[in-house]
Amino acid sequence: MQPTNRSSRILLPARYWFVLFSLIAALGLSYIPTGRLAGVPDWVALVLAFWCIREPLKVGMGTAFVFGLLVDIGHGAAMGQHALAYVVLAYLATTVSRRVLWFGPLQQALHVLPILLLAQGLMVALRLIAGAEFPGWWYFLSSFTSVLLWVPLTFLLLLPQYQPVD
């Protein structure tokens, strides 16, 4: 007798075009001008962390570097600031990917939180070294809002990969 709480769907490997589309969509969301609104998630970092954990052979540090440069260009930030933070994020997410996948989405979000906070801390440190002012502690609120979006994002990004068992 099969347990009733189990899914009868099989998770297929992610298609490369869908991974690229989701990263480009996240880049588009990051280009939306929000001013200094606190708590706006770093969409590229969130989607990048998701794919580095789910598909570490398809998305890695090279992808993180390219999208980091695109975010730097789009935000007018110091060149390489996001790129360096995203490369570190991709490295850490890839490193813990096998362990994190054993957990459900809520526990995965708790594992991703320190990685997102470290990436943001690295960006703040680079800004401070360059002579900018400290953005305030509210700046780190976006990591927490990103973690709150982890479960719906997981559902949304895995939806095209589910196939019913025949």
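Biologist: Which helix holds Ser97?

Modeller: Ser97 lies in helix H4; helices here are DSSP runs of H or I with at least four residues, numbered from the N terminus. Please note that this is a predicted model, in which local features need pLDDT of at least 70, side-chain atom pairs count only at pLDDT 80 or more, and totals for chains, interfaces and linings use all residues. Residues are numbered from 1 along each chain as its sequence is written, and side-chain values use heavy atoms, with hydrogens and water left out.

Biologist: Is Ser97 buried or exposed?

Modeller: Ser97 is buried, because its relative accessible area is 3%. Buried means under 20% relative accessible area, exposed means over 50%, and partly exposed is in between, with a 1.4 Å probe and protein chains only.

Biologist: What is Ser97 in contact with?

Modeller: Apart from neighbours within four places in sequence, Ser97 is in contact with Cys52, Ile53 and Pro56. Contact means heavy atoms within 4.5 Å.

Biologist: Which other residues of H4 are buried?

Modeller: The buried residues of H4 include Tyr86, Val87, Leu89, Val96 and Val100. The buried residues of this helix pack against helix H2 (43-54), helix H3 (61-75) and helix H5 (105-130).

Biologist: What of Leu92, then?

Modeller: Leu92 also lies in helix H4, but Leu92 is partly exposed, with a relative accessible area of 25%. Leaving aside neighbours within four places in sequence, Leu92 is in contact with Ile115 and Leu118.

Biologist: What span does H4 reach, and where is the kink centred?

Modeller: H4 covers residues 81-100, and its 20 residues reach 27 Å from first C-alpha to last, close to the 28 Å expected at 1.5 Å a residue. That expected span is 1.5 Å times one less than the number of residues. The kink, of about 30°, is centred on Thr94; the bend at a residue is the angle between axes fitted to the seven residues ending there and the seven starting there.

Biologist: A change of topic: where does Ile73 lie, and why does it count as exposed?

Modeller: Ile73 lies in helix H3 and counts as exposed because its relative accessibility is 57%.

Biologist: And Ala25?

Modeller: Ala25 lies in helix H1 (residues 16-30) and counts as partly exposed, at 35% relative accessibility. The C-alpha atoms of Ala25 and Val44 are separated by 8.6 Å.

Key
Helix = DSSP H or I, 4+ residues; strand = E, 2+ residues; numbered from the N terminus.
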